[in-house]
Amino acid sequence: MESALAAAEKVLAPLPELSPDVEEMYKDLHRHPELGFQEFRTAGIAAESLRACGYEVHEGVGGTGVVGLLRNGEGPVVLLRADMDGLPVAEDSGLEYAATDATGLRDGRQVPVMHACGHDVHVACLVGAARLLARAREHWSGTVVALFQPAEELGTGARAMLADGLFDRVPRPDAVLAQHVSPLAAGHTAYCPGVCMAASDEVRITFHGVGGHGSRPEAANDPVLTAAAFVQRVQMIVSREIATGERAVLTVGSITAGEAANVIPDTAEVALSVRSFTPSVRTRVLASIERIARAESDAAGAPRHPDVRHSSGFPVSRNDDALTDRVNAALRDRLGEDKVHEIGPITGSEDVQHLADAAGAPLYYWWVGGWESEEFLRAYRAGTADRDIPANHSPRFAPVLRPTLGTGVTTMTVAALSCLAAGG
Ligand code: ZN
Ligand code: ZN
């Protein structure tokens, strides 16, 4: 039986030869981004690549999801997940392979589309890892499930795949592994032990007033003013009701009311995004939002209470301790001790936890740097990385090809090997 380190070395040996393919695939995916549940082209590329190296392929799982299955003897089942969707963002990266004229359908409208979250990196790297694992079957044993998920940004893709019988088609995994490219130095990875990403909730509130002429507010009841007072007051929840050691984020991302300057509308609608890391903070923030909405409405003498509609998008993501240690040991062996960094939880959210929960399997989720090291370190040392390095969802989000893609293929491959059984 060979050591895990020796196996990783052998499995990764063809990477230099594979890298031009991975880069070409990445550039092609970047040029052709697709919105959630519209990833037909991307899914086709993933399915074709898996089929070409011997995977049993299931397509159209939960809409556009693709799952490749590679059975290779006795051993654990490992699920490797990449999300595929782009965002309704107009690209401004200046890259030669930018998606300058890509569009997609959102709410019945044509909108610009960009891979502004780097899911194209995840797809290209998982295809690379799937190919390497398929080529070197004598060095590991078990089953690889390569899963390409739609609509992560909508928070519904993982659940759609589960609802469509994902685990009736492929075996339940013993471990779920996923990675995300982020504004860190390329060649490096980062992780957060335990709860690593926030739960996300959306709240939509309709304030009711009484419409009328803009010149005679005394004869109306102005819901715009009520909504404005609410928007101010609601930010006091985090600063006044949540302990300093706890974390929550509350953002009003949309206010909609009225059509004309001289008409007081009947209603005003406010939409909020809430991020939290514990059930108690989540419950308190959501209850306080509702309390303040009603109180502001009462204070304004509104004709009726506001309508409050709540939808839950993402659960918290939680890294399993034992799996984290196991994969990190392998990553440190391969990348070097100084390349694997522990960081705190981030307020972004993910739906990969649904896959792990449904399988009853532990999750390990890590970040892969995508920025040129010198540029990143300069900004980091100056304390300006938040402003100088375009983060995920920015129209200027532009990971460097090298060593980002090679690192992403390496990390996914090494993580998978650390969970599979040793080869002969
Ligand atoms: Zn995103
Ligand atoms: Zn993302």
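Keep in mind that the model is predicted. Start with the whole chain. The protein chain carries 14 helices and 19 strands. Along the principal axes, its C-alpha atoms fill a box of roughly 85 × 50 × 45 Å. What about the radius of gyration? For 424 residues, a compact globule would come out near 22 Å; the protein chain has 24 Å, so the two agree. As for burial, 54% of the 424 residues count as buried. Now the contacts. Take those between residues at least 6 apart in sequence: 83% of them join residues at least 24 apart.

On to the metals. How far apart are the zinc ion (ligand 1) and the zinc ion (ligand 2)? They are 3.1 Å apart, and Cys117 coordinates both.

Take the zinc ion (ligand 1). Its protein donors are Cys117 through SG, Glu153 through OE and His393 through NE2.

Next, the zinc ion (ligand 2). Which residues are its protein donors? They are Cys117 (SG), His119 (NE2) and His180 (NE2), at 2.1 to 2.3 Å from the ion. Along the chain the spacing reads C-x1-H-x60-H. Again distant parts are linked: Cys117 from the loop between β5 (109-112) and α4 (119-135), and His180 from strand β7 (residues 175-185), 63 residues apart.

How accessible are these donors? Cys117 has a relative accessible area of 7%, under the 20% limit, and is therefore buried. His180 is buried too. His393 is at 38% relative accessibility, between the 20% and 50% limits, so it counts as partly exposed.

α14 has 16 residues. From first C-alpha to last it reaches 23 Å, close to the 22 Å expected at 1.5 Å a residue. Is α14 enclosed or open? Of its 16 residues, 15 are buried, so α14 is largely enclosed by the rest of the structure.

Now the aromatics. A search of the whole structure finds seven aromatic pairs. One is Phe376 with Tyr380: the ring centres are 5.8 Å apart and the planes meet at 20°, so the pair is stacked. Where do Phe376 and Tyr380 lie? Both lie in helix α12 (residues 373-381), four residues apart, about one turn of the helix. Phe376 is buried, at 10% relative accessibility. Tyr380 is exposed, with a relative accessible area of 56%.

Two more items to find on screen. Tyr191, Tyr364 and Trp366 make up one aromatic cluster. And the charged end of Arg247 sits over the ring of Phe277, 5.1 Å from the ring centre.

To close, back to Cys117: it bridges the two zinc ions, and it is buried.

Methods
Residues numbered from 1 in each chain as written. Chains lettered and ligands numbered in written order. Predicted model: local features only at pLDDT ≥ 70, side-chain atom pairs only at ≥ 80, totals over all residues. Heavy atoms only, no water. Donors = N, O, S within 2.8 Å, 3.2 Å for Na, K, Ca; no water. Helix = DSSP H or I, 4+ residues; strand = E, 2+ residues; numbered from the N terminus. Buried < 20%, exposed > 50% of the residue type's maximum accessible area, 1.4 Å probe, protein only. Phe/Tyr/Trp six-rings, centres within 6.5 Å; stacked < 30°, edge-to-face > 60°. Lys NZ or Arg CZ within 6 Å of the ring centre and 35° of its normal. Expected span 1.5 Å × (residues − 1). Rg over C-alpha atoms; globule rule 2.2 N^0.38 Å. Contact = heavy atoms within 4.5 Å.
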